[in-house]
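Here's a quick tour of the model, starting with a charged pair and moving on to the packing. Have the coordinates open as you read.

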Amino acid sequence: MKKEKELNTMKKMIKKLSIAFLMAMLVFAIVPATVQAAGWKQNKNGYWWQENDYSYPKNQWKTIYGKQYHFNSSGYMDTGWKQIDGKWYYLGNKNDGAKKTYWQKVYNKYYWLGNDGAMRTGWQRVYNKYYWLGSSNDGAMKTGWQKVYGKYYWLGHSNDGAMKTGWQTVYGKKYYLGGANDGSMKTGWQKIDGYWYYFGGANDGSLKTDTWINEYGVYVGTDGKWNETKYRYSNGEYLSELSIMNNSKDYNNAQLMFWHNYGASSSDEDFFFHWESGKSEYVVQGNRSKKQFLLKFTPTQSGMQIQVTCQDGQYYSWTNGTQSETWINANYQKVDEAPSRIQ
């Protein structure tokens, strides 16, 4: 009796399993199979993308999961630097391949790849700053001092690269690098905010301070400014100039010069003396004649009236061509620009 019950139970279980199997087969027969072939594939040669129909892209860009990839003529995913249609792109490492955009650091160098991923070269304006990215097959962001088209530019230290402008201190020296759209290192005499400065020769550019610029015979102060007040007078047969060099460490910080080249009566004289603010009269020995002169300075609305009187006998007068104690008494116009020997 017991065995008969166990046998009936087993038969019922087998019947249920058979029915379930038949139902499953029926469902499988009714619902068609869906091919799931699309996806990344890999072998020893690299990665490729397999479509649902088992085809794969070749010689083209393809967007996969929101990222762009390029596949070569064999269908393998390109990586690293790749020139495509004449432009360079960086496609990541061998396990990446996605096209990179904007700033990218590759092998310790920075590249600007824009929003389309194409490597930029030459001067580029990025986020309102200028960068020098080398020649057509270079593209790496340059830093430090760079000579571009014959001019020097300071592009900052590593991890910077932005072109600097205006006043800049580099390795303890001061330079002037022009305006916002300029950036080139200035040399020689430059007028900045109404003052003249001297920045050395073509390959120098550093601001000179507290020194004489001997080739021009002028002095620049501790702030680099050429602090001379200039007065000039011209009237046919003679030319004259007064220079007052403020804040000079040298005692010869004022110079009054006359030179004359009129016919057979050529003559010239100059005076060097210490200028004192508020002092109007000076007794000075002529640098060429060695005679004593009284120099009298009277400020005027437009400049300065200068009277030169010889105190050691008579002296040739340029005013009327005769011997006279008073050498010259004339008005001088103040000038703001640099003298002709600087311009």
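## Salt bridges

Arg120 is partly exposed at 23% relative accessibility (partly exposed sits between buried, under 20% relative accessible area, and exposed, over 50%, with a 1.4 Å probe and protein chains only). The side chain of Arg120 meets that of Asp116 in a salt bridge, 2.9 Å from N to O (a side-chain nitrogen of Lys or Arg within 4 Å of a carboxyl oxygen of Asp or Glu). Asp116 is partly exposed too, at 31%.

Arg288 pairs with Asp270, with the closest N and O atoms 3.6 Å apart. Asp270 is buried, at 8% relative accessible area. In total, the structure holds 9 salt bridges.

## Ground rules

This is a predicted model: local features need pLDDT of at least 70, side-chain atom pairs count only at pLDDT 80 or more, and totals for chains, interfaces and linings use all residues. Residues are numbered from 1 along each chain as its sequence is written, and side-chain values use heavy atoms, leaving out hydrogens and water.

## Packing

The largest nonpolar core has 21 residues (buried Ala, Val, Leu, Ile, Met, Phe, Trp, Tyr and Cys joined through side-chain atoms within 4.5 Å). Leu256, Phe271, Phe273, Leu295 and Phe297 touch the most other members. Strand β25 gives the most to this core, with 4 residues (strands are DSSP E runs of at least two residues, numbered from the N terminus).

Beyond its neighbours within four places in sequence, Phe297 is in contact (heavy atoms within 4.5 Å) with residues including Leu242, Trp275 and Met304. A separate core has 7 residues, among them Trp189 and Trp226.
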